[in-house]
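These are my notes from a first look through one structure. I wrote each entry as I looked the item up.

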Amino acid sequence: MLKKTHVLLTLALLLIFSLAGNVLPGQHQAAAKEKHNKTLVMGTSADYAPYEYIDTVKGNKIIGFDVDVARHIADKLGYNLVIKDMDFNGLVPALDAKRVDFVMAGMTPNAERKQKVDFSDTYYKAKQLIVTNDPKIKKIEDLKGKAIGVQLGSIQEKEAKKIADKVDNVSIEKRNKVPDLVQEIMSKRFNAAVIEDGVAIEYLNKNPDLSSFVIPGSASAGSAVALQKGSGLTEKFNKEIAAMKKNGELDQYAKKWFEPKTEKKAEKKSIVDFSTIMPSIPYILKGILTTLKFVVVSILLGFVLGTILALFKISKVNVLRWGADAYTSIFRGTPLILQLLIIYNATPQLTGYKIEPFLAGVLTFGLNSAAYVSEIIRAGINGVDKGQREASMALGVSYGSMMRQIILPQALKNILPALMNEFITLTKESAIIAVIGTTDIMRRAQIVGADTYRYFEPLITAGIIYYLMVMALTVLGRMLERRMSRGD
């Protein structure tokens, strides 16, 4: 029976890995038609409307000013375009690690970034605004004693520091995404935020409580394409950008995306209104498949490796015991998100291998789970009556056969509730993979929040989905317990 179980687990693992290959998290789209034989990968942060954002009503497609310009240039250069979505502060590291060929995300060249990457000529210039929902804030001096939000790693950080140098008691808060800044303003955690005018216009149109003014003396921020150091594409991009400026195509794209809307601002809506996100619910639900694949593969990896570690821990070979204990100590003693970022960001630096977000997440959660599972299984093995081992040895049963056919089955029966609890915890914690761009349930809920400018409804929707998944695992665990108890 145990051998059959091993075979089924192996087949399931192979099947899931093959299915996982169909999901490339963070890689939202290729060109609509494979027009060319070559491909360029563009990195962006799709939370920066109208530069780049996801239209969650229509599906998984990233649209915006930068996307139109990038697609135009790629087509002219003879490439299909593939877009990878990630946090803004991870774009330059991704380019440096050669995960992407170029970055377009309304990014402004500065001295710090130029140390890591090359920049094209500027293709669009914008102004910096103070966005607030406080009617008393109408000029820079009104920010005295206030909290200002900026996007982490953005040019707006410098503008906020200039304000802090001029105005007393200004505190600067940083967040990963522009929608986070707006949400913090609406939640009254921030008094204002520094946001580029082309981006701010979307929030001002859709949020009647928001107002803005231009920061006096702020330099026009120029957006440019970031490319790998020494890339042969830099001059080619510059040539196409110059051509688009000359023939007016850049102006056409800018007019399409940045021209103010003529319709009136949206009326104030009720505090909670799920009808706002109803068209985007299918988009969130599509994240279930990605989450399930991730969780199942991680559980299997954690269980198999955890079992091996548990056997090492009860081994009489000191090296095996010490190694297993050290492994457990490291993975239990460091934050899970730190392990995820090390595997995702450090792997390309150390090995040159461009690890995908899905694989990075599976390895992180599988390796981390193995540390906890090994302790659970070790406790289960030690909980089996010692007489079982003595009787096996007296009958001449080998150690391997004894563990596979006698000890482990009894141990697993006793520790099943603890194992199910570990798997349930892993299912909930899987939401962490959203930070590396994997379009799971949590990431999609955040994207819908950014698209609709409402966060309570999509996050509650994600919470309900996770709850139902956990309840399903709980029921499955009880069914297994009853099945394994039939022989009692």
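Where is the place of Ile337? I found Ile337 in helix H13, residues 336-351. Helices here are DSSP runs of H or I with at least four residues, strands are runs of E with at least two, and both are numbered from the N terminus.

Before going on, I noted that this is a predicted model, in which local features need pLDDT of at least 70, side-chain atom pairs count only at pLDDT 80 or more, and totals for chains, interfaces and linings use all residues. Residues are numbered from 1 along each chain as its sequence is written, and side-chain values use heavy atoms, with hydrogens and water left out.

**Entry: Ile337**

Buried means under 20% relative accessible area, exposed means over 50%, and partly exposed is in between (1.4 Å probe, protein chains only). I then listed the contacts of Ile337, leaving out residues up to four places away in sequence, and found Ile432 and Val435. Contact means heavy atoms within 4.5 Å. I also checked Ile433, which is 96 residues from Ile337 along the chain; their C-alpha atoms are separated by 8.4 Å.

**Entry: salt bridges**

How many salt bridges does a search of the whole structure find? I got eleven. A salt bridge is a side-chain nitrogen of Lys or Arg within 4 Å of a carboxyl oxygen of Asp or Glu.

I looked at the one between Lys256 and Asp68, at 2.9 Å from N to O. Lys256 is in helix H9 (residues 249-258) and Asp68 in helix H2 (residues 65-77), so this pair links distant parts of the chain, 188 residues apart. Lys256 is exposed, with a relative accessible area of 54%, whereas Asp68 is buried at 17%.

Next I took Asp85 and Arg443, whose closest N and O atoms are 2.9 Å apart in a salt bridge. Asp85 lies in strand E6 (residues 79-85) and Arg443 in helix H17 (residues 441-452), so the pair ties together parts 358 residues apart in sequence. Both Asp85 and Arg443 are buried.

I then looked up Lys229 and Asp118, whose side chains meet in a salt bridge at 3.4 Å, N to O. Lys229 is in the loop between strand E14 (221-228) and helix H8 (233-247), and Asp118 is in strand E8 (residues 117-126), so parts 111 residues apart in sequence are tied together. Lys229 is partly exposed, with a relative accessible area of 49%.
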